[in-house]
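Work through these exercises with the model open. Try each task before reading its solution.

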Amino acid sequence: MIKWIITALLLTASLAGAQPPIVTILKAMQDNVSISTDVRAMVSMTQQKVDQGTKVFEMAYYRRDRDDAFLIAFAAPESEKGNGYLRVEDNFWMYRVNTRTFQHINRDESIGGTDAKGEDFETRRLTELYQGETDPSGKEIIAADKLGAIPVWRFQIKAKVADVSYPFRTLWVRQDNLLSLKQQSYSSSRALMNTAYYLKYTQVLGKYVPIEQMFIDEFEKGNKTIVKISGIVTGKLDDRIFTKAYLENLSN
Amino acid sequence: MPVIFNIAIRNLVRQKRRNLLLGVAIAFGAMVLIMANAFSHGIAKVLFDQVVSYTNGHVAVTYSRNGNMTSQVFYDDARVLAAVKKAAPPSARIEEAAGVFARAIGNGIADNVIMVGVDLNRTLTPEEVKHYASNFSMLQGSFLALKDTGPGCPVIISEQKAKYLRVKMGDVIRVRFTGVNNQASSAQLTIVGVFKPANVFMASPVFLELHTLKALLGYGPHDIASVRVNVKDPQRFAKSIADGIHAMLKPGLAVMTGTGVLRGTATPVTALGFRTDSASQGIMHRGVPLSEGDSAAAFGYRGVIVAKELAAQCHAGIGDTLALTWYAKFGPDSGHANFVVTAVAGMTAKFPSNGVFINERDFYHAYYAPLPHSVSQELLKTLPDSSSPLYPALAPEFMLMKRCSTTDEYTKMMEEMGRGKFKGIMVSVQSMYETASAILQVEAVLNLITLAAGLILFFIILIGVINTLRMTIRERTREIGTIRAIGMQRSQVLIMFLVETLCLAFVSSLAGAVAAFAAMGGLTLLTINAADNPMGMLLVNGHLFFAPTAGAVAAFIVFITALAGATAFFPARRAAKLTAANAMRHYE
């Protein structure tokens, strides 16, 4: 019901040419993409770095909705094959197949040498982390814009909490279905650090999943990462999946 | 006795060539032993003085928040500094140490750097000035230009790093790093100096003024980075200072008092955090009887439990949001946070009726942002104290890690901290004898290797000494017979030969020591270019570094003299045992 009310409000604002409150858009955005069920998928991450060339990482991803537990098992490249990560509540383990050992790691550490961190796989609500940014007059910084030919809301948000990677962001969100198309992330000194493009979405259980994303490193030019998600399957996953034993077996 | 001494000296002088060659051999052995010891001691000194004391300090107070070891921050600088100043002697050098790994972009090329803060706002001691002068041999610009407050952040950089990044004086390098709050940060640094690094460890970092770096990293005015303490005699004092600081940093209960708004009703609230590990959940389960709500949700990592009286006063229940506002310890700011109630409980006897228990993750998110004002002793008396069974499950102000006794223990403790099971700040106080005991072992091993190699060489020389003595005695057997016939006692013959050997060994060792110092002086003058070689860590400003000690030199001289005396004893005793008649009849 709330979803329909928000959509109606946003459509009314769009038709009237008025800007909706940023928090309303953020709520609609998180509602658009939050899948309240267990899910598994294959994730491919192509990482292009100026000084390291191109690397393709492929991994199986399992997520349990009940407690936000997740398991990642690498299938490629060869150097990472068999390695994995398991997070259940406060425990976050890294599994190394060559030594067959589990090691506790921190959520801030890199996943398999990629630019992704453990915290990137956690589900955190956008409205808990960010709020609309205002200009000196107290007015929210939001405007109707176009990205290519698509009408979008372009607005700025800032972090409400300290533990987010980027304290400031600018978002381009489609006016019709409130899907994010582009995001620019800024450092605390307002330097542009990263631009993300959400290239393709698919619908799963009535929610949208960005299945193709591109992240461009704006600090070190020439570095970019393309993330593709495929084979999305929803439905309850066996609790045995979120165990060390399962990750160990999966890797062998 | 003087007669025997004179005879011994005369005998030494009489056999000039042989004794000279023997003396040279002993002197060479002494020189090798002294130089090898000075070199291994020098390596250890470089590692300790140039590396350990400037990376760890003799004693270090370090932190980790939520298991993040790069988050070196404690939100109450006065508390840490008070403990350190109380435990350390007045002559100790107490420094705040901030540093961070960063990605730097120069002119069309990127590289990893370490940004290190140097505190230039305090008064430097003459020793520190000397240290900075020797470590920062400036090729361009001035070290003190780091204090400039013009546009851009001043930075000094090693000539190797400047060359790699293709930058020069006045150029700007851009850096990306993670701030103390784990946020992506960036900055532009203006190069105000290029220095020649004293050793390989100095080539990678870029140096900024400490307060400039802290501002970039997101430290607040009362936040403090890790603290290093350096003392004059670390072997004697480091551990006791660390123990002293540790004893004075005992954390109390973390308490937030402020105004809570529940269902529109504003009321004073006292909030405590609770640990969410399974042991603590068990304690909470036994000590906090729930009147509403499920225990799994109440004591889990999203649990927020309000006192029954507070809930009744505000007509609130599960699912309602408690908006808490508290006064900051420092400055006029206040903190605000919202918590969703997951349970209502009849609190224990020792807990106020306006109490709230908050899971540690949400609690510490709020508790440090900003740090709440200290609570009164009267209120503390109403809260669970260390004798309460509930106390181990409650969130402390911070977690003080135990003191370690070895590097292995320290490594295990760091792993434990890195797991991030505790959501608040973990504080560790360690001396370099725990954090860098491996380096002490390296010194011991180096000493052992050099001593063994030197001794092998020296024993070869000693074989020559014994052989020469035996030859001398055989040649002088008839002479022994003569002097025995004119009245010299057996013991005097023994002493005469021993005095000869001891004098020769002592003078030769002294000469060896002099030669060792001359050789070390000469080798120190050589400039070795080992910038890209890990062996460069053994050099100081491109030169070999020897650290001879008076004690070691004296010990080696005594050792060599005594060893020569011991080896001479047996041939000398055999000579002394000869009867005058037998000795005089001896003919070769």
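## Exercise 1: The enclosed space

A search of the whole structure, which is a predicted model, turns up 1 cavity of 30 Å³ or more.

**Task.** State how much space lies in the largest cavity, which residues lie nearest its centre and which element gives the largest share of its lining.

**Solution.** 
1. Start with volume. The largest cavity holds about 110 Å³ of space.
2. The lining is made of 14 residues. Nearest the centre are B:Leu12, B:Asn19, B:Leu469, B:Thr472 and B:Glu500.
3. In chain B, α1, α2 (16–55), α15 (437–475) and α17 (490–525) each give two or more residues to the lining.
4. Find the main contributor. α17(B) supplies 4 residues, the largest share of the lining.

## Exercise 2: A patch on a helix

**Task.** Which residues form a nonpolar patch on the surface with B:Phe5, and is B:Phe5 buried, partly exposed or exposed?

**Solution.** 
1. Name the members. B:Phe5, B:Ile9 and B:Val13 make up the patch.
2. Classify B:Phe5. Its relative accessible area is 41%. Exposed needs over 50% and buried needs under 20%. B:Phe5 is therefore partly exposed.

## Exercise 3: Chain A in outline

**Task.** Summarize chain A: its secondary structure, its buried share, its contacts and its surface.

**Solution.** 
1. Count the elements. Chain A has 4 helices and 14 strands.
2. Check burial. Of its 252 residues, 49% count as buried.
3. Check the contacts. Take those between residues at least 6 apart in sequence. Of these, 45% join residues at least 24 apart.
4. Check the surface. The accessible area of chain A is about 12,200 Å². Carbon and sulfur atoms account for 53% of that area.

## Exercise 4: Salt bridges

**Task.** How many salt bridges are there over all chains? Then explain why the pair A:Asp217 and B:Arg176 joins two chains, and why the pair B:Arg103 and A:Glu220 does.

**Solution.** 
1. Get the total. The count over all chains is 30 salt bridges.
2. Take the pair of A:Asp217 and B:Arg176. Their closest N and O atoms are 2.9 Å apart. A:Asp217 lies in strand β13 (residues 207–217) of chain A, and B:Arg176 lies in strand β7 (residues 172–178) of chain B, so this bridge joins two chains.
3. Compare the partners. A:Asp217 is buried, at 11% relative accessible area. B:Arg176 is partly exposed, at 23%.
4. Take the pair of B:Arg103 and A:Glu220. Here too the closest N and O atoms are 2.9 Å apart. B:Arg103 belongs to strand β3 (residues 99–105) of chain B, while A:Glu220 is in the loop between β13 and β14 (224–234) of chain A, so this pair also joins two chains.
5. Check burial again. B:Arg103 is buried at 14% relative accessible area. A:Glu220 is buried at 7%.

**Task.** Which residues belong to one network with A:Lys236 and A:Asp239?

**Solution.** 
1. Begin with the pair. A:Asp239 and A:Lys236 form a salt bridge at 4.0 Å, N to O.
2. Classify both. A:Asp239 is partly exposed, at 34%. A:Lys236 is exposed, at 66%.
3. Shared partners link A:Arg64, A:Arg66, A:Asp67, A:Lys236 and A:Asp239 through salt bridges.

Definitions and conventions
Residues numbered from 1 in each chain as written. Chains lettered and ligands numbered in written order. Predicted model: local features only at pLDDT ≥ 70, side-chain atom pairs only at ≥ 80, totals over all residues. Heavy atoms only, no water. Patch = residues over 30% accessible without salt bridge, like charges linked within 9 Å, V, L, I, M, F, W, Y side chains within 5 Å. Areas by Shrake-Rupley, 256 points an atom, 1.4 Å probe, with all protein chains shown as cover. Salt bridge = Lys/Arg side-chain N within 4 Å of Asp/Glu carboxyl O. Buried < 20%, exposed > 50% of the residue type's maximum accessible area, 1.4 Å probe, protein only. Contact = heavy atoms within 4.5 Å. 1 Å grid on protein atoms, 1.4 Å probe; cavity = no way out; pocket = protein on both sides within 12 Å on 5 of 7 lines; lining within 4 Å. Points joined across faces, edges and corners; volume = space filled by probe spheres on them.
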